[in-house]
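Dear colleague,

I am handing over the structure we spoke of, and my notes on it follow below. Please read them with the model open beside you.

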Amino acid sequence: MSKFMLGKKAGMTQIFDENGSAIPVTVIDCGPVTVVQKKNKEVDQYEAVKVAYDEVRETLLNKPDKGQFDKAGTKTFRNLVEFRVEDSNAYELGQEIKVDEMFAVGDYVDVTGTSKGKGYAGNVKRHGQSGGLEDHGSKYHRGVGSLGASASPSRVFKGKKLPGQMGNKKVTIQNLEVVLVDGERNIVVLKGAIPGSNGNVVSIADTVKAGKHK
């Protein structure tokens, strides 16, 4: 069965293993999520379920979003995310799924979230370039550097690393190990860091690198 879940990043901490070694972990306040739509190969050409998370009053929703919940006969929620599954018939509309029904200690997952926005940044900060000389009179400390030839091709190639918006992008961290699952408190603890600020909504799914973890 495909595994998936939605939650909010609660923050980072550390736990200790049986040898006394500290393990940096991220705590995620997960679900439960509610199934609001099913898709199948006969109609949609692929198998998937759409789940909702974070209940909200319906006056805060627009008509299209509210219509999805009315059709499913469920409460209204703030977040909607679709996950690919092997068989959508294994789920029912309105079904509530908890984190301990999906994940177990030792699983490996991919986490997708929105990275922290850093605003407009130059090449040194955004791309890690070294910059120019810091000597007095250098006049070129944190510039972009050479942009290419002059006469030919007389333009800057696409993909050149330049200053611009840094962060605030959709980011996926792959192959994180599940070290703790608490169904009573609806939390999952993952080894390592995940994208975004505390309180940001993230999606968790089976890793695409199954069998490639250490």
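A strand here is a DSSP run of E of at least two residues, and strands are numbered from the N terminus. Please bear in mind throughout that this is a predicted model.

With that numbering, strand 12 gives the largest share of the lining of the largest pocket, namely 5 residues. The space in this largest pocket comes to about 430 Å³. Its lining is made up of 19 residues, among which V81, E82, F83, T112 and S203 are the closest to the centre. Two or more lining residues come from each of strand 1 (4–16), strand 5 (77–84), strand 7 (108–114), strand 10 and strand 12. Sorted by class, the lining has 7 nonpolar, 6 polar and 6 charged residues.

As to the fold, 6 strands form a closed barrel in the order 1-2-11-10-7-12, with antiparallel pairing. On average, and with direction ignored, neighbouring strands of this sheet are turned by 50 degrees against each other.

P195 counts as buried because its relative accessibility is 8%, where the cut-off for buried is under 20%. Leaving aside neighbours within four places in sequence, P195 is in contact with K9, V111, G113, T114, S115, V171, I173 and V202. The C-alpha atoms of P195 and I173 are separated by 7.4 Å, although the two are 22 residues apart along the chain.

With best wishes

Note on methods:
Residues are numbered from 1 along each chain as its sequence is written. This is a predicted model: local features need pLDDT of at least 70, side-chain atom pairs count only at pLDDT 80 or more; totals for chains, interfaces and linings use all residues. Side-chain values use heavy atoms; hydrogens and water are left out. Buried means under 20% relative accessible area, exposed over 50%, partly exposed in between (1.4 Å probe, protein chains only). Contact means heavy atoms within 4.5 Å. Two strands pair if DSSP finds at least two bridges between them. Helices (H or I, at least four residues) and strands (E, at least two) are DSSP runs, numbered from the N terminus. Axes are lines fitted to C-alpha atoms, for helices over the stretch in contact, and angles run from 0 to 180 degrees between N-to-C directions. On a 1 Å grid over the protein atoms alone, a cavity is a set of points where a 1.4 Å probe fits but cannot get out, and a pocket is an open set with protein on both sides within 12 Å along at least five of seven lines; lining residues have an atom within 4 Å of a point. Grid points are joined across faces, edges and corners, and a volume is the space filled by probe spheres set on the points. Ala, Val, Leu, Ile, Met, Phe, Trp, Tyr, Cys and Pro count as nonpolar, Asp, Glu, Lys and Arg as charged, and the others, Gly among them, as polar.
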